[in-house]
Every structure is written in structure tokens, then in C-alpha cells.
Amino acid sequence: MNSNTRMTRRAVLRNLGVVTGAILAFGASSPAATVAAPGRRAAKLRRSENTRKQIFRHVFKTPMVDTHEHLPDESQRLQRAGAGSPRCDDWALLLSHYLDSDLRTAGMSKVDLDRFLSPDVDPMEKWSLLEPWWPAVKNTGYAQAVRISMRELYGVENLSAMTVAKVQTAYDRLRKPGFYQEILRDHANLHSCQVNCLTGTPFRESTMPTLLMQDLSIVGMFAGPAFRQYAAPAGIEVKSLADWHRVIKWWFEKYGKYAVAVKSQNAYARNIDYARVPAEQAEPGFNKLLANERVSVEERKLVEDHLFWYAVDEATAHHLPVKLHTGYYAGQNGMPLSRLLHNAGSAADLCRLSPNTQFVFMHICYPHYEELLGLVKHYTNAHVDMCWSWIINPIAAKDYFKKHIVTAPANKLLPFGGDYIPVEPVLGHAVIARQGMAQALSELVEEGWLTASDAIDLIEPVLNGNAHRIFQLEKKTELLSRAAWGT
Ligand SMILES: [Zn+2]
């Protein structure tokens with residue numbers, strides 16, 4: 001019996017404790033109440049409690065595919081190397097992504113946040129920086145993920161002045177070679193993660209290639225474009241749009257078979273309303289960008305739209321699903337909320353423009369998830385990835401999950417991605433997601449939408465099978481296990 005089984009049982013029991021407590025609060029499960037209640041009602045409640053237990057157990061013991069992370073390789077994390085890697089290497093790191101945003105929104109100053117995340121401040125002094133803001137943020141999904149991770153990994157129930165030393169000691173004890181495997185597989189019971197590398201390279205040759213599978217980032221192929229980043233590794237001097245096409249092709253030829261998907265987060269900069277633009281119309285703007293000259297908004301859009309489709313057509317030819325950010329923005333004080341409203345409508349246009357491309361729309365387009373549900377119900381080539389959503393708004397995510405099951409085909413749902421740079425909170429996020437899915441399925445049974453066996457039959461395919469099919473994980477695992485860069 002490994003630590004995974006231990007963790008799983010602990011988490012199940014804890015969650016069941018909540019459930020059983022809720023039923024007890026109604027007075028039906030206590031012996032006295034059972035006697036007092038009409039027999040049929042008591043029997044129904046007992047059945048419902050048993051079904052919940054069964055569903056929770058199944059959801060927690062089933063391995064899950066994690067379809068979106070930004071994790072650096074473990075060796076990078078241990079060396080604290082590379083952009084996107086943590087600033088500090090102490091317990092505050094667990095709060096650096098995404099809880100830092102809630103702290104800033106709550107009112108913490110940038111100066112204090114920078115000190116909190118600084119490698120030069122004593123970890124023992126950091127609690128006093130956090131303390132004024134902790135009551136305001138400690139119940140958000142971002143904080144709950146951190147708190148669950150501290151509970152499961154460090155054995156600390158409550159972060160406080162009294163427990164910071166214990167948290168720091170446990171942080172150091174865990175942060176050793178092999179801790180990615182321990183957290184992701186043994187504790188979180190994840191089959192594999194799909195990583196969108198943020199350290200500047202479009203595809204990372206991970207030393208853990210079958211645990212940290214990789215997306216090929218296409219955003220710099222069309223936005224910017226990121227000439228140096230993509231052209232230098234390809235060894236191609238870019239003097240024309242045709243040269244740039246060759247650069248794009250080089251990345252697909254070299255890494256297409258190893259990548260699980262392609263990914264773009266360009267929705268942080270504009271709407272995803274990419275029109276099919278012929279090369280001739282994009283070329284003048286492209287040449288200006290190449291010469292580092294100013295371009296108009298219209299010229300830039302022509303270039304981006306043309307190159308987006310050039311990259312997406314390559315992805316489609318290489319049987320790679322196209323993952324696109326939709327909805328909510330990370331960070332604070334920058335999100336143009338009105339732009340998000342158009343994401344789902346534009347996503348539908350993409351599905352129509354390229355029926356052979358498998359699109360994966362990420363983050364349930366939060367807060368516009370009803371629109372995305374309408375999209376995935378209607379389009380064969382649309383899929384929804386719930387990555388990040390369980391900690392943005394855990395109750396909305398549960399609501400989406402319930403509605404998806406009774407609205408759109410279940411084989412188009414990818415239920416989890418931690419979306420983290422630090423590895424520790426992935427566990428907390430996975431527990432929140434499993435708890436939300438188990439609650440959603442239990443409620444669907446209790447409300448009469450599903451039978452218990454219908455609910456249980458969905459667990460393996462949704463948590464595991466869908467991602468295996470959509471991203472060809474068996475084939476990719478086989479190829480990656482023989483990749484030259486694996487150890
Ligand atoms: Zn992400």
C-alpha cells in the first residue's frame with residue numbers, strides 16, 4: 001500500500017466526513033431520527049449516503065490525467081533556474097501562483113508581496129507580511145488549494161504564526177529529487193501532466209518525458225512573432241514570410257510526434273477571432289514587423305490571423321489538438337472583462353472554419369461557461385478543458401460539470417488541469433476537483449438525473465479515458481519513453 005492509497009483514503013474520509021455530517025444535520029442518519037422518520041425516507045437517505053460514499057471512493061481512487069500545467073522540470077525547480085521559476089525557495093512559494101493575485105486584490109501592497117516572495121527575506125518573518133490579509137483570502141479556491149496541500153503534504157491544518165516553522169521544515173524535507181513523482185503520482189494520483197512551458201522554449205525536452213508531457217507552444221509563431229525564439233533553434237535566417245513558414249514547419253517536424261497538443265494563450269492579448277487571411281494580405285505587415293517597423297492594428301491582425309491558421313493547419317496535419325485559452329485572466333487590475341464575452345462566439349467561428357481541427361477550449365471560458373457549454377454541445381470538433389476552473393470558482397466548476405454531463409456528450413470533457421508553476425498546490429487543486437466532481441455526480445443521482453450506476457460508469461472515462469483518446473496518450477507515452485532526452 002503506497003502513500004497514494006494513504007492520501008486517497010484520508011481525503012475520501014475527510015470529504016465523507018463533511019457529507020455524513022451534512023446528512024446527520026438533517027437528523028436522518030442518527031438512530032433516533034431513523035426511528036422517528038418514516039421508514040421509506042430513512043431507507044432513501046441511507047441509500048443516498050451509500051451512493052455518495054461509493055462515488056467519492058471511485059473518484060478518488062481513479063487515476064486522472066492532468067491536461068494543463070506550467071511546471072518547470074524538477075531539476076530546474078531544484079536549481080531554481082530559468083524564467084518562470086520561483087523567486088523564493090521557501091513555504092511562501094506555495095502562495096506565489098495564483099494566491100498572490102488574491103492577496104493583491106485584497107489590498108496587499110506590491111512592496112509587501114515582493115518581500116513575501118523574496119528569497120532574501122527570512123521565511124520565519126514572512127507570516128507577519130501575510131497575516132493582515134490571510135482572513136480575507138483564506139477561503140478562496142486559490143487559498144484552499146494551498147491549504148489542502150499543506151495539510152496533505154506537511155500535516156499542517158492551519159497556517160499561522162504557530163505553524164510556520166513546521167511548514168518550512170516540511171517544505172525543505174519534501175523538496176528533494178523525486179518529489180514531483182511523489183506529489184503528482186503518489187499523492188495526487190495523476191497519470192501524467194501536460195505542460196505548457198513558460199521558460200522561453202516552445203517545446204521542452206523534459207527529463208521526465210512521460211510524467212511531464214509537453215504542449216508545443218504556437219503563440220510566438222503568430223503573435224509577435226517571436227522571431228529569435230523560434231528561428232534560431234531551427235537554424236533558419238528569416239528574410240520573408242516564406243522563410244517564417246519554414247520555421248513553423250521545422251517545429252512541427254521536429255516535435256510534432258512528441259507533443260501532446262499545441263497551445264496558445266493569445267486570448268490574453270486579443271479576442272480569438274482569427275480570420276483565414278491569404279499570405280499576400282499578411283506579407284506587407286509581416287515584412288514591417290521583420291524590419292522592426294511600426295504596424296497598424298489592422299496590419300497586425302492580418303499577420304496574426306494568417307499565421308495562426310498556418311500553425312493550426314500544421315497542428316491538424318500532425319493530429320495535434322489545438323488548446324486555446326478562453327475566459328478569465330490571471331493577475332489583477334488588467335482584465336478587459338468585456339472582451340471575454342466574445343470568446344465563446346469566436347470559438348464557434350473557429351470550429352466552423354476548420355472542421356478537421358480538434359479544438360480544446362480551456363478554463364470553461366469562465367465566467368461565460370454556459371456559452372461554452374452551448375458550443376461544445378453543438379460542434380463535433382469542440383472540447384472543454386476544466387483546467388484552472390476548480391480554483392477560480394469551485395462552485396461554478398461543479399455547476400459546469402453537472403450541466404455538461406446532462407447537456408453535452410461526456411466524451412468531450414477534460415475535467416482537470418492544475419495550471420501551476422509550483423508543483424505542491426497541484427495536489428490541493430486535484431483534491432478540490434475530485435471533491436467537486438464527486439459532489440456533482442452525487443447531486444445528479446440525488447436529484448434524479450442519473451442512476452448511481454450511470455454516475456459511476458462516467459468516472460473512469462471522464463477522469464482518464466477522454467484525455468487518453470483525445471491526446472493519443474498511449475502512442476505518445478511509447479514515443480516519449482524512447483525520446484533521446486529522457487533519462
Ligand atoms: Zn495556463
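**Before selecting anything**

Residue numbers start from 1 along each chain, following the sequence as written. Because the model is predicted, local features need pLDDT of at least 70 and side-chain atom pairs count only at pLDDT 80 or more, while totals for chains, interfaces and linings use all residues.

**Stop 1: the domains**

Colour three selections: domain 1 (3-61), domain 2 (90-174) and domain 3 (181-425 + 434-481). The bounds come from an automatic or database domain assignment.

Keep domain 2 and domain 3 on screen; their C-alpha centres are 30 Å apart. Across the boundary, 15 residues of domain 2 are in contact with 15 residues of domain 3. Contact here requires C-beta atoms, placed from the backbone, within 7 Å. On the domain 2 side, select α5 (99-106) and α9 (141-154), each of which supplies at least two residues of the side touching domain 3. Helices of this kind are DSSP runs of H or I with at least four residues, strands are runs of E with at least two, and both are numbered from the N terminus. α9 gives the largest share of that side, 7 residues. The side of domain 2 that touches domain 3 has 7 nonpolar, 6 polar and 2 charged residues. In this classification Ala, Val, Leu, Ile, Met, Phe, Trp, Tyr, Cys and Pro are nonpolar, Asp, Glu, Lys and Arg are charged, and the others, Gly among them, are polar.

**Stop 2: two partners of α22**

Two packed helices are described by the angle between their axes and the distance between the axes. Axes are lines fitted to C-alpha atoms, for helices over the stretch in contact, and angles run from 0 to 180 degrees between N-to-C directions.

Select α21 (residues 394-407) and α22 (residues 424-446). They pack at about 45°, with axes 9 Å apart, and are therefore oblique to each other. The orientation classes are roughly parallel for angles under 35 degrees, roughly antiparallel over 145, roughly perpendicular from 65 to 115, and oblique for the rest. α21 passes α22 in a right-handed crossing. A crossing is right-handed if the near helix is turned clockwise from the far one by less than a right angle, and left-handed if anticlockwise. Show side chains for the contact: α21 contributes Pro394, Ala397, Lys398, Phe401, Lys402 and Ile405, and α22 contributes Ile432, Gly436, Met437, Gln439, Ala440, Glu443 and Leu444. These residues divide into 8 nonpolar, 2 polar and 3 charged.

The contact joins Ile183, Leu184 and His187 of α11 to Glu424, Val426 and Leu427 of α22. Its residues divide into 4 nonpolar, 1 polar and 1 charged.

**Stop 3: α13 and α14**

Select α13 (residues 227-234) and α14 (residues 241-255), whose axes come within 9 Å and cross at roughly 65°. The two helices are therefore roughly perpendicular, and their crossing is left-handed. Tyr230, Ala231 and Ala234 of α13 meet Val247, Trp250 and Trp251 of α14. By class, this contact has 6 nonpolar, no polar and no charged residues.

**Stop 4: backbone exceptions**

Most residues other than glycine have a negative phi, and most peptide bonds are trans.

Go to the loop between α12 (219-222) and α13, where Pro225 is found. The peptide bond from Gly224 to Pro225 is cis, with omega near -20°. In the loop between α4 (74-79) and α5, select Tyr98; the bond from His97 to Tyr98 is also cis, with omega near 15°.

Next, select His319, in the loop between α16 (297-317) and β5 (322-325). Its phi is near 60°, a positive value in a residue other than glycine. His319 is partly exposed, with 13 other C-beta atoms within 10 Å. The scale is buried at 20 or more other C-beta atoms within 10 Å, exposed at 12 or fewer, and partly exposed in between, with C-beta atoms placed from the backbone.

Ile364 sits in the loop between β6 (359-362) and α19 and has a positive phi near 50°. Ile364 is buried, with 32 other C-beta atoms within 10 Å.

**Stop 5: Val376**

Finish in helix α19 (residues 369-378) at Val376. Val376 counts as buried, with 24 C-beta neighbours inside 10 Å. Apart from neighbours within four places in sequence, Val376 is in contact with Ala382, His383, Val384, Ala408 and Lys412. Draw a distance from its C-alpha to that of Pro409: 8.3 Å, for residues 33 apart along the chain.

Methods: Two residues are in contact if their C-beta atoms, placed from the backbone, lie within 7 Å.
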